[in-house]
Amino acid sequence: MEQAGPSIVLCFFIAAISSVLAGLCYAEFGARVPKAGSAYLYSFVTVGEIWAFTTGWNLILSYVIGTASVARAWSSAFDNIIGNHISTFFRNSTALHLENVLAEYPDFFALFLVLLLTGLLAFGVSESALVNKIFTSINLLVLSFVIISGFVKGDVKNWNVSEEYYQNRSQEALKSGVTSGNFGAGGFFPFGFDGVLSGAATCFYAFVGFDCIATTGEEARNPQRSIPIGIIVSLLICFLAYFGVSAALTLMVPYFLVNKESPLPEAFKDVGWEPARYVVAIGSLCALSASLLGSMFPMPRVIYAMAEDGLLFKSLSRVHSRTKTPLVATVVSGIISALMAFLFELKDLVNLMSIGTLLAYSLVAVCVLILRYQPEMGSSSKDVEMLEVNGSEEEKVIMNVSVNSNQTTLKEKFTWGSLFCPSAEIPTHISGRIVYISTTVVSIMITVLCGILAQEWEALMKGNIGWAVACALLLGISLVITIIIWRQPESKKRLTFKVPALPVLPLFSIFVNVYLMMQLDAGTWARFAVWMAIGFAIYFGYGIRHSIEAQTTRQSQLTTNKPLNSAGSDPSPDTAI
């Protein structure tokens with residue numbers, strides 16, 4: 001709200017468009033491997049182990065931060081119901097005094113809440129469908145009440161605030177002990193279009209979760225039609241809900257007086273509907289409870305999968321003999337989430353989740369683009385795993401004879417003409433390599449372009465020749481590379497869903513995601529850099545040496561150096577994996 005004002009409704013629209021593009025790319029992942037964790041698995045095959053680790057590490061970040069942010073919001077909503085006694089006590093007695101780094105005060109209530117649920121999950125308590133249905137029903141009723149009430153009690157003047165109105169309302173609020181926020185320039189866009197884009201990057205958290213639809217391809221009768229419709233409809237419902245609530249909120253209360261800790265209950269208090277404040281607060285707790293349960297249950301999955309592959313510590317893949325749950329992964333992820341909720345502000349948590357999710361979805365788009373132009377899969381352990389999950393008998397036969405086809409690809413030679421006029425009608429090793437390199441280059445071009453547009457927009461609007469020429473060059477190079485990718489032969493593999501308008505749609509998805517990432521503040525990037533530094537320290541210190549894929553590669557190199565008649569005489573335990 002403090003970034004966009006009333007135009008927050010447009011922030012949710014832009015975030016929804018970005019989510020639709022990412023959702024379509026994710027749907028092809030779901031069509032290739034219709035199971036949870038397909039993004040990590042296909043990243044492994046498409047762009048290699050280190051990028052798969054990056055994807056998985058960012059998915060872990062989105063789950064952990066999602067849990068922490070909901071716990072912090074739950075704590076704030078509960079504190080508001082009881083008169084802000086919890087926050088007042090901790091603010092006065094345990095203030096952290098590290099502005100823009102840590103929260104104003106440590107949230108012991110959120111810490112206890114996450115640890116409690118982690119303990120229940122660790123002992124095998126399963127998610128209750130009935131409880132979720134009850135919470136969701138209450139949430140829908142409260143949302144409907146908020147939206148209708150907002151349009152009844154709201155005032156359109158709050159969408160066109162003047163400076164005089166700001167001064168009058170600020171003085172009235174100050175008498176009640178409420179401090180006003182920034183005025184900006186007033187009107188519907190008080191912080192300009194830059195504020196809308198910055199808000200959209202933050203609002204992206206509202207649409208996280210559509211990947212669950214994308215991974216149900218094998219359960220759908222007509223996945224080619226139902227998966228994209230399911231993704232778009234679910235995102236449309238989310239957008240309408242957030243659009244309605246944010247519109248109602250900004251109509252009831254001027255944007256500079258919106259309570260950051262508990263906006264909806266305080267909005268009803270501001271318009272004189274005191275009893276409704278408690279109804280909305282209880283409804284908010286039910287909604288947050290359902291969200292907290294939904295974010296904590298799948299959280300250990302990616303950790304478990306990466307630990308199984310040796311990229312994270314092997315102990316994280318231990319499964320409890322009685323409850324059959326990944327005990328260590330559950331406890332560790334719960335403790336990290338609890339500490340995040342304990343130390344960081346809700347706004348900082350949401351921004352951190354947004355940047356991690358945007359990067360993960362950008363990598364998904366890159367993988368979809370690369371994989372569509374690749375020849376038949378090789379013989380790595382990850383290829384075999386995907387083929388076992390999603391491959392037909394015909395594909396498995398092709399897999400078995402891939403060695404012979406690989407020998408023929410050695411005869412291929414690269415020519416400059418193959419960039420625009422490839423000779424083959426099906427993907428080859430050379431065409432696949434061209435797309436791989438081209439996608440890497442165009443992704444770098446897009447990142448640099450987004451950085452210039454985000455940081456030097458005012459200079460471009462003033463007609464700065466240098467930045468304009470730089471943007472034109474980047475756009476021209478990106479266009480040429482896009483044409484090169486488009487001219488390469490596409491895979492004929494049958495899928496239940498394919499991303500349309502290749503290669504434009506995945507590249508546009510990357511552009512939107514990266515541009516939104518560039519809108520986030522420096523503090524968010526610093527926290528994200530710390531998270532990635534921890535991840536890469538684990539990968540280069542442990543994962544790169546204990547990776548099952550690396551061990552399999554080393555074993556295959558050893559066996560190829562042996563005589564053929566001795567290949568089966570001394571089987572290695574790794575070959576049974």
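This is a predicted model: local features need pLDDT of at least 70, side-chain atom pairs count only at pLDDT 80 or more; totals for chains, interfaces and linings use all residues.
## A polar contact at Asp 348

The side chains of Asp 348 and Arg 527 are joined by a polar contact of 3.4 Å. Asp 348 belongs to helix H15, which covers residues 346-372. With a relative accessible area of 9%, Asp 348 is buried, because the cut-off for that class is under 20%.

Helix H15 also takes part in a helix crossing. Its axis and that of helix H19 (residues 429-455) come within 9 Å and cross at roughly 150°. H15 and H19 are therefore roughly antiparallel to each other, since angles over 145 degrees fall in that class. The crossing of H15 past H19 is right-handed.

## A polar contact at Arg 277

A polar contact of 3.3 Å links the side chain of Arg 277 to the side chain of Glu 266. Arg 277 is a residue of helix H12, which runs over residues 274-296. The relative accessibility of Arg 277 is 8%, so this arginine counts as buried.

## Aromatic pairs and a cluster

Over the whole structure, a search finds 29 aromatic pairs. One of them is formed by Phe 53 and Trp 57, and this pair is stacked, at 5.7 Å centre to centre with 10° between the planes. The stacked label applies because planes under 30 degrees apart are put in that class. Phe 53 and Trp 57 are separated by about one helical turn, because they are 4 residues apart in helix H3 (residues 49-81). Both Phe 53 and Trp 57 are buried.

The pair of Phe 536 and Phe 540 has ring centres 6.2 Å apart and planes at 40°, so this pair is tilted. Both residues lie in helix H23 (residues 522-546), where they are 4 residues apart, about one turn of the helix. Phe 536 has a relative accessibility of 27% and therefore counts as partly exposed. Phe 540, at 46%, also counts as partly exposed. One aromatic cluster takes in Phe 53, Trp 57, Trp 531, Phe 536, Tyr 539 and Phe 540.

## Arginines over aromatic rings

The charged end of Arg 72 sits over the ring of Tyr 105, at 5.5 Å from the ring centre. In another case, Arg 487 lies over the face of Trp 486, and the distance to the ring centre is 5.8 Å.

Helix H3, which holds Phe 53 and Trp 57, crosses helix H5 (residues 108-122) at roughly 125°, and the two axes come within 9 Å. H3 and H5 are therefore oblique to each other. Their crossing is right-handed.

Asn 84 is placed in the loop between H3 and helix H4 (85-93). The phi of Asn 84 is near 60°, which is a positive value in a residue other than glycine.

The loop between helix H21 (465-487) and H22 includes Pro 503. The peptide bond leading from Leu 502 to Pro 503 is cis, with omega near 0°. Ala 501 is also in the loop between H21 and H22. For Ala 501, phi is near 55°, a positive value in a residue other than glycine.

Helix H22 itself spans residues 504-518, and Ile 510 is found in it. Ile 510 counts as buried because its relative accessibility is 3%. Ile 510 and Leu 363 are 147 residues apart in sequence, while their C-alpha atoms are 8.1 Å apart in space.

Technical notes:
Residues are numbered from 1 along each chain as its sequence is written. Side-chain values use heavy atoms; hydrogens and water are left out. Helices (H or I, at least four residues) and strands (E, at least two) are DSSP runs, numbered from the N terminus. Buried means under 20% relative accessible area, exposed over 50%, partly exposed in between (1.4 Å probe, protein chains only). A polar contact is a pair of N or O atoms within 3.5 Å; within protein, one must be able to donate a hydrogen and the other to accept it, and residues adjacent in sequence count only if both atoms are side-chain atoms. Rings of Phe, Tyr and Trp (its six-membered ring) pair if their centres lie within 6.5 Å; planes under 30 degrees apart count as stacked, over 60 as edge-to-face and the rest as tilted. A charge sits over a ring if NZ of Lys or CZ of Arg is within 6 Å of the ring centre and within 35 degrees of the ring normal. Axes are lines fitted to C-alpha atoms, for helices over the stretch in contact, and angles run from 0 to 180 degrees between N-to-C directions. Angles under 35 degrees count as roughly parallel, over 145 as roughly antiparallel, 65 to 115 as roughly perpendicular and the rest as oblique. A crossing is left-handed if the near helix is turned anticlockwise from the far one by less than a right angle, and right-handed if clockwise.
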